[in-house]
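I opened a notebook for this structure and looked up a few things in turn. The entries follow in the order I made them.

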Amino acid sequence: MSGGTFAKGASAMLNPDEFIRRFRESIASLETDLEQETEENHSNVLVLGLPRSGTTLLTQLLHSCTNLYCTNNFIARFWEAPLVGAYLSKLTIGSLESSSFESFYGRTTDISEPHEFSWFWHGLLDVADVANYDPQAVAERIDWERVRSKLINLNAVLRGGLVHKPLELVGYHSSHFSRILNKAIFLFIERDPLEMAYSIAEARQRNNKDMQSWWGSYPPARIYNEMKCEPWALQIVKQIRYFKQMYAEQLSALPSESLVKTSYQELCKDPVGLLSKVKQGALELGGEILITCDPEPFAPRNKQRDSSLYDSLREAFASEAPELLS
């Protein structure tokens with residue numbers, strides 16, 4: 001092939017995003033054909049928690065050390081046809097475990113590593129604009145049978161349970177999820193509020209390059225609109241206070257047998273004990289999660305703090321939510 005012929009072919013080639021878009025459109029009928037399962041045969045784990053509370057590490061632990069699959073970085077490309085993506089992942093990647101416990105503010109890099117699958121959840125839960133989402137208003141519009149069907153058919157395609165990290169998108173609607181998924185475990189992780197706040201502030205610096213630009217979970221539109229003009233430290237404190245209150249309310253309405261609580265401290269110090277709690281929770285719901293390895297404790301990273309950030313956040317907590325500093 002001559003250099004001129006190659007250049008001509010290359011110039012006509014689709015770019016990757018366009019190729020993926022057209023490929024997804026072409027497999028719509030195959031997605032429909034794969035959606036046949038009606039029985040909930042596997043245990044799923046729905047990871048919940050505030051931003052920077054340890055949810056990514058927790059998801060990686062469950063994927064690496066149990067028989068649970070995850071919606072990985074490969075499947076994430078197929079958010080409009082997740083069953084096809086899962087089938088292709090099963091054929092190519094298989095049950096490959098996470099190769100590391102590394103991430104960059106919730107993002108992983110390896111193809112087999114967990115992905116939040118946010119566009120998939122946005123489509124299922126009628127999220128057109130995260131900054132203007134009103135969970136109560138859309139709850140009655142959501143097709144809950146479709147939600148259930150997609151999740152249990154992901155199980156059927158992969159022939160196993162999954163660990164999902166949908167965070168507040170499921171947290172807002174946890175009662176609905178508990179009604180449509182009888183074997184699902186809601187796994188909530190807590191962390192020291194000041195530590196979360198500092199990490200959110202770092203994420204604003206590193207990802208947005210602007211301390212006033214929002215980062216992480218958005219509260220409902222009316223709450224967000226009240227706080228978005230506040231100074232950055234107050235924004236973060238109010239963000240944490242809102243989601244702590246939201247989760248406290250929503251999780252209190254769940255059946256006790258479907259809820260497992262942990263902390264970042266427990267995750268790091270006793271991951272084996274935490275896995276055993278999840279395994280026992282699945283058994284009590286009539287499901288099964290197998291522990292495949294015993295991980296070593298994780299050593300929390302000792303990073304040098306920016307004292308000005310830390311002091312600003314501590315002052316904001318002291319003035320706005322002193323009860324969270326206990």
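Helices (H or I, at least four residues) and strands (E, at least two) are DSSP runs, numbered from the N terminus.

I noted that this is a predicted model, in which local features need pLDDT of at least 70 and side-chain atom pairs count only at pLDDT 80 or more, while totals for chains, interfaces and linings use all residues. Residues are numbered from 1 along each chain as its sequence is written, and side-chain values use heavy atoms, with hydrogens and water left out.

Entry on helix α4. I looked up residues 55–65 and found helix α4 mostly covered, with eleven of its eleven residues buried. Among them are Thr55, Gln60, His63 and Cys65.

Entry on the cores. I took a nonpolar core as a set of buried Ala, Val, Leu, Ile, Met, Phe, Trp, Tyr and Cys residues joined through side-chain atoms within 4.5 Å. The largest has 70 residues, and those touching the most other members are Trp121, Leu125, Val147, Phe177, Ile240, Tyr247 and Leu313. Helix α13 (residues 232–252) gives the most to this core, with eleven residues. Another core lies apart from it and has 24 residues, including Leu58 and Leu285.

I then checked Ile240 for contacts (heavy atoms within 4.5 Å). Leaving out residues up to four places away in sequence, Ile240 touches Leu50, Pro193, Met196, Ala197, Ile200, Phe317 and Leu324.

Entry on rings. Rings of Phe, Tyr and Trp (its six-membered ring) pair if their centres lie within 6.5 Å; planes under 30 degrees apart count as stacked, over 60 as edge-to-face and the rest as tilted. By this rule I have 17 aromatic pairs. Trp144 and Phe177 make an edge-to-face pair, 5.4 Å centre to centre with 85° between the planes. Trp144 is in helix α8 (residues 144–158) and Phe177 in helix α10 (residues 174–180), so the pair ties together parts 33 residues apart in sequence. Both Trp144 and Phe177 are buried. Ring pairs also link these two with Phe117, Phe120 and Trp121 into a cluster.

Entry on Asn225. I found Asn225 in helix α12 (residues 221–227). Asn225 is partly exposed, with a relative accessible area of 36%. The C-alpha atoms of Asn225 and Ala131 are separated by 8.5 Å, although the two residues are 94 apart along the chain.

Technical notes:
Buried < 20%, exposed > 50% of the residue type's maximum accessible area, 1.4 Å probe, protein only.
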